[in-house]
Amino acid sequence: MTPGRDLVGHLARFAEALRERGVRAGLSDEIDAVAALTLVDISDREEVRRALRIALKIRPRDAGAFDELFERLWGSRDEERAARNRPPKDRRGPARPGKVLPAALSGQEVERESVTGDTPGYSPEALLRRKPFDECSPADLAAMERLISKLALRLATRRSRRLVPTRGRGRVDPRRSFRAAVATDGEFLRLARRARAIELPRIVVLCDTSGSMDPHSRFLLAFLLSLRKEARGTELFAFNTSLVRLTPWVSSGRIAPTLERLAAGVPDWSGGTRIGESLARFVIDYMDEMVNRRTTVVIFSDGLDRGDVAALEGAMRAIRSRAGRVLWLNPLLGDPRYEPTARGMAIALPFVDVFAPAHNLESLEKLLPLLAA
Amino acid sequence: MKEEIRSTQEALERHGYIAEPSIATAVFLAREMRKPLLIEGDAGVGKTEIAKVLARLLDTELIRLQCYEGLDVQTALYEWDYPRQMLRVRMGEQEGQSPSEIEQVIYSRGSLLERPLLRAITRREGPPVLLIDEVDRADDGFEAFLLEVLSDFQITIPELGTLRAEHVPYVVLTSNRSREIGDALRRRCLYLYIEHPSLEKEVRIIRTRVPAASERLSEQIGRFLHALRGRRLLKAPGVAETIDWAQALVRLHREGLDLETVEQTLGCVLKDHNDLRDVAGAELAALVEQAQGAGAAAGG
């Protein structure tokens, strides 16, 4: 039996709506879904829902969006709707396209505020490295970018458990040795060997983009984007009053256009930070998949929290119990007079391995050995 | 509900697996569409068990590939039997065979050690169930390799040529979500996320798996775990823990829960030091009281 054209069209619209909500559902998933619908009882709405969840590969973190769209778009009869409980609310919060990032992320503001007298781009490296982020002009950014990519090369150091062929020393690889020996009439002239592969570091970065962090955000993000060029597995999140995963917006291309894209695509937040709630959201939706014992979790924030302190403590405990290392980078720490007395900071500190400043490139440079896998 | 799905559900239940409609639907669709089924969920919700039950249900062999970091093709697919090859080479030399004759002997199926994936593809007696357990533990590179095997069900051995599947196996992959499974692999599969069971289902699981547990005890255990999972825990107990605990309580000849017993045996359920410390005292007493209930039957 082939499904009616109507069903296929309906499904295509449904998949389109899912994609608009940031749920990955590709053409092959749609094909699976059509095939699945021919096998189930399509007059049973719950069965259709179950089959679509299975065939469209809906992950738990997308389940809220899926249920909501299913309710809205998959023609329902009222009595059925009344019989069922309301689906859980979308946990990620609706995406609001078309909004802009805080001024510091989009760049224009920084340009206007720039007060440096140096010729941008020609600053000696040493000077550039110590320049606080809030005094940098966007032109310094290009120079920093080059410097950062040099630094980031030092990142990949950890050896994987996987064995790859090597010309140097390592474990004997009988298969390749034997293969070579056949060519020489069964004599083993040279033993082929394998050694442990070099692995890329795993890094998850959670970056505070609230008002109190504004001057730093753009440069931190630029640093993180350069980092991602070298450590492709790096996951980026921004948080403020809610949490947004930036990774989908980030491509491996140039940094300036990516920042523009971020500014255009990420919802705007204003007002205070809710570190606790944002980190708790991260723990629920993403931590299982993104954090393991090899992962370094980096949190950029000044710790000025206006949210729930208990949530912050719970989230930090959960992250600490799972991650290989937890780094908290605080731009205020660059000021010698600063003491971490902010309420959120004091709560988070016991769960942090490294508490370091992040106010200029020199301080970030010191971080690199800590980020290496 | 479609008749075939209902009968799948009943068949699963006959073989000792209490399946929700979503699980039965997924198993049914995976069988009908001949697609691998990727199952995710917290530890102990019964992911691996689905593959085992499926093998019993289809009355076929279960071939298991346990994934781990550093798992390579030699362990997953095949390996040449090197000592045997060496022996053959020496023998061939003594008998004066030509190098090409020797090569033909040493690179034959007889010198090949079958590993789970190859075994699953070359099984002659009918399609087996191939369980690829904890696929999230293997490296990304292995995942890419798996993709190739799962899309074509054929394996190319350079020395031998391409081996095509005699019967396409039923494939079940499980993941604990310690790493995000790549999109490409996910697309090849159907996807099932298993939640912790509902109260009613959990009680039925206890009754099925631990028949010696009294009805009252089963219901109390179910209610206790249900309430326990409702609070913030670092490691939420799975069904596996429930069954362990029920068995422990049966061994202790308990007919119901009381605070002292729960305190002594809570280690069967909570396996994290912080959780054990947090769930204690008045809170534990409240949970036990809630579990004892007012003699009400365990509702759905």
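Chain B has a radius of gyration of 24 Å, whereas a compact globule of 300 residues would come near 19 Å. The model is predicted. Along its principal axes, the C-alpha trace of chain B spans about 85 × 45 × 35 Å. Chain B is divided into two domains, and it is also in contact with chain A.

**Chain B: overall make-up**

- The secondary structure of chain B comes to 15 helices and nine strands.
- Of the 300 residues in chain B, 38% are buried.
- Take the contacts in chain B between residues at least 6 apart in sequence: 78% of them join residues at least 24 apart.

**Chain B: domains**

- Domain 1 of chain B is written in two segments, 3–77 and 115–194.
- Domain 2 of chain B covers 199–292.
- The centres of domain 1 and domain 2 of chain B, taken over C-alpha atoms, are separated by 31 Å.
- Contact between these domains involves eight residues of domain 1 of chain B and 11 residues of domain 2 of chain B.
- On the domain 1 side of that contact in chain B, the residues are three nonpolar, three polar and two charged.

**Contact between chain B and chain A**

- Chain B puts 35 residues in contact with 36 residues of chain A.
- Several elements of chain B give two or more residues to this side: helix H2 (21–33), helix H5 (82–94), helix H6 (99–106), helix H9 (183–188) and strand S9 (190–194).
- H2(B) supplies the largest share, seven residues.
- By class, the chain B side that touches chain A has 15 nonpolar, six polar and 14 charged residues.

**A sheet in chain A**

- Chain A holds an open sheet of six strands, in the order S6-S5-S4-S7-S8-S9.
- The pairing in this sheet is mixed.
- Strand S6 (243–245) and strand S9 (354–357) of chain A stand at the edges; each has a single partner strand, so one side of each is left without a neighbour in the sheet.
- Neighbouring strands of this sheet are turned against each other by 20 degrees on average, direction ignored.
- Within chain A, strand S4 (residues 202–208) and strand S5 (residues 235–239) pair in the parallel sense, over five bridges.
- Val205(A) stands opposite Leu236(A), which lies in S5(A).

Methods:
Residues are numbered from 1 along each chain as its sequence is written. Chains are lettered from A and ligands numbered from 1 in the order in which they are written. This is a predicted model: local features need pLDDT of at least 70, side-chain atom pairs count only at pLDDT 80 or more; totals for chains, interfaces and linings use all residues. Helices (H or I, at least four residues) and strands (E, at least two) are DSSP runs, numbered from the N terminus. The radius of gyration is taken over C-alpha atoms; the globule rule is 2.2 Å times the number of residues to the power 0.38. A residue is buried if 20 or more other C-beta atoms lie within 10 Å of its own, exposed if 12 or fewer, and partly exposed in between; C-beta atoms are placed from the backbone. Two residues are in contact if their C-beta atoms, placed from the backbone, lie within 7 Å. Domain bounds come from an automatic or database domain assignment. Ala, Val, Leu, Ile, Met, Phe, Trp, Tyr, Cys and Pro count as nonpolar, Asp, Glu, Lys and Arg as charged, and the others, Gly among them, as polar. Two strands pair if DSSP finds at least two bridges between them. Axes are lines fitted to C-alpha atoms, for helices over the stretch in contact, and angles run from 0 to 180 degrees between N-to-C directions.
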